[in-house]
Amino acid sequence: MDLGLKGKTAVVTGGSVGIGLGVARAFAREGAHVILAARQADRVQEAAAAIAAEFSVQAQGIACDVATAEGCASLIAAVEAAGGADILVNNAGTGSNETILEAPDDKWLDYWNLHVMAAVRLARGIAPMMQARGGGAILNNASICAVQPLWYEPIYNVTKAALVMFSKNLAAELIPMNIRVNAINPGLILTPDWVKTAKQLSGGEWESYLQSVADEHAPIKRFGTVEELADFFVFLCSDRASYCVGSTYHVDGGMLRTI
Ligand code: NDP
Ligand code: SOE
């Protein structure tokens with residue numbers, strides 16, 4: 001299937017590792033140019049250089065913190081300098097671990113800024129550039145936890161749920177400009193972040209710890225790979241998904257326990 005993405009430009013936040021890197025690589029495989037954003041400069045620039053070399057597309061890594069207004073402004077400026085973009089994937093994010101009674105206000109606000117305000121600010125800056133190019137696609141990476149919480153991370157659950165509702169509202173506002181907005185709720189996807197967590201929590205037996213997590217939560221009884229998820233992202237951002245607007249799609253090995 002030709003996705004028609006050759007020569008398009010895709011911005012991927014959190015593009016230096018894990019899901020974001022897999023999504024950026026999948027765009028590049030289709031011939032799209034990519035702009036990756038992450039805080040650690042070396043890692044994001046090396047990821048971009050590797051993509052450019054492997055797929056013969058333009059790729060640049062922008063070091064910025066998308067949880068801040070300044071970080072979003074610098075990414076928006078870089079996108080403008082590159083001539084605009086057709087696709088924005090808001091992927092930067094991370095899990096949490098707290099109780100509601102003990103977590104301070106600042107922690108709530110930090111996660112709100114990372115999971116919600118980054119998507120608000122980047123849409124405000126980049127959607128007009130998409131409109132000038134005739135349209136585009138915005139895809140927000142939320143989580144199954146937006147609808148089916150894991151109880152140790154209430155701040156994560158609440159802010160990801162807000163991101164899903166934001167996506168629905170943004171979709172209605174932008175579709176007159178031929179910009180399609182959707183969200184994805186992944187389940188358990190094996191990324192370096194999960195391996196790190198498993199090593200911390202398991203006392204050495206990290207692989208069997210991960211298997212126990214998969215056995216408990218996912219009927220398919222395994223983690224998904226970044227590649228299994230990334231192709232779905234790329235499809236949704238292509239014209240092949242032209243009637244997909246304002247929806248949230250689960251890619252979760254059966255983890256969602258409702259219809
Ligand atoms: P990783 O921790 O492996 O990667 C996170 C990426 O985001 C890195 O590139 C990181 O780079 C970047 N990042 C983090 N904070 C910021 C910030 N403030 N500004 C800019 N970049 C930032 O995470 P995953 O790949 O596992 O997860 C990616 C997304 O997918 C997250 O939003 C997560 O909530 C969601 N998700 C993941 C699931 C999973 O099972 N893995 C399941 C459901 C959802 P740097 O540190 O250099 O900034
Ligand atoms: C607009 O340029 C566009 O082609 C969108 O209509 C698509 O959905 C996507 O391919 C991004 O760009």
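Analyst: The backbone of I19 places an N or O atom 2.9 Å from an oxygen atom of ligand 1, a polar contact in the sense of a pair of N or O atoms within 3.5 Å (within protein, one must be able to donate a hydrogen and the other to accept it, and residues adjacent in sequence count only if both atoms are side-chain atoms). A polar backbone atom of N91 lies 2.7 Å from an oxygen atom of ligand 1, and an N or O atom in the side chain of N141 is 2.8 Å from an oxygen atom of this ligand. Taken on its own, ligand 1 has 890 Å² of accessible area, of which the protein covers 92%; accessible areas come from the Shrake-Rupley method with a 1.4 Å probe, and for residues only the protein chains shown count as cover. Helix 1 (18-29), helix 5 (154-174) and helix 6 (192-202) are the elements that give two or more residues to the shell around ligand 1. Helices here are DSSP runs of H or I with at least four residues, strands are runs of E with at least two, and both are numbered from the N terminus.

This is a predicted model, in which local features need pLDDT of at least 70 and side-chain atom pairs count only at pLDDT 80 or more, while totals for chains, interfaces and linings use all residues. Residues are numbered from 1 along each chain as its sequence is written, chains are lettered from A and ligands numbered from 1 in the order in which they are written, and side-chain values use heavy atoms, with hydrogens and water left out.

The shell of ligand 1 holds 30 residues, the closest being S16, R39, D65, N91 and Y156; a residue is near a molecule if one of its heavy atoms lies within 4 Å of it. By class, this shell around ligand 1 has 14 nonpolar, eleven polar and five charged residues. Ala, Val, Leu, Ile, Met, Phe, Trp, Tyr, Cys and Pro count as nonpolar, Asp, Glu, Lys and Arg as charged, and the others, Gly among them, as polar.

Around ligand 2 the surrounding residues include L5, D86, N178 and S238. Three nonpolar, four polar and four charged residues make up the shell around ligand 2. A polar side-chain atom of K8 is 2.6 Å from an oxygen atom of ligand 2, and an N or O atom in the side chain of R180 is 3.1 Å from an oxygen atom of ligand 2. The backbone of C237 also has an N or O atom 3.3 Å from an oxygen atom of ligand 2. Alone, ligand 2 exposes 300 Å², and the protein buries 92% of that.

Ligand 2 takes up the space of the second largest pocket, where sitting in a pocket means that more than half of its atoms lie within 2 Å of the grid points. On a 1 Å grid over the protein atoms alone, a pocket is an open set of points with protein on both sides within 12 Å along at least five of seven lines, a cavity is a set where a 1.4 Å probe fits but cannot get out, and lining residues have an atom within 4 Å of a point. The second largest pocket has a volume of about 230 Å³; grid points are joined across faces, edges and corners, and a volume is the space filled by probe spheres set on the points.
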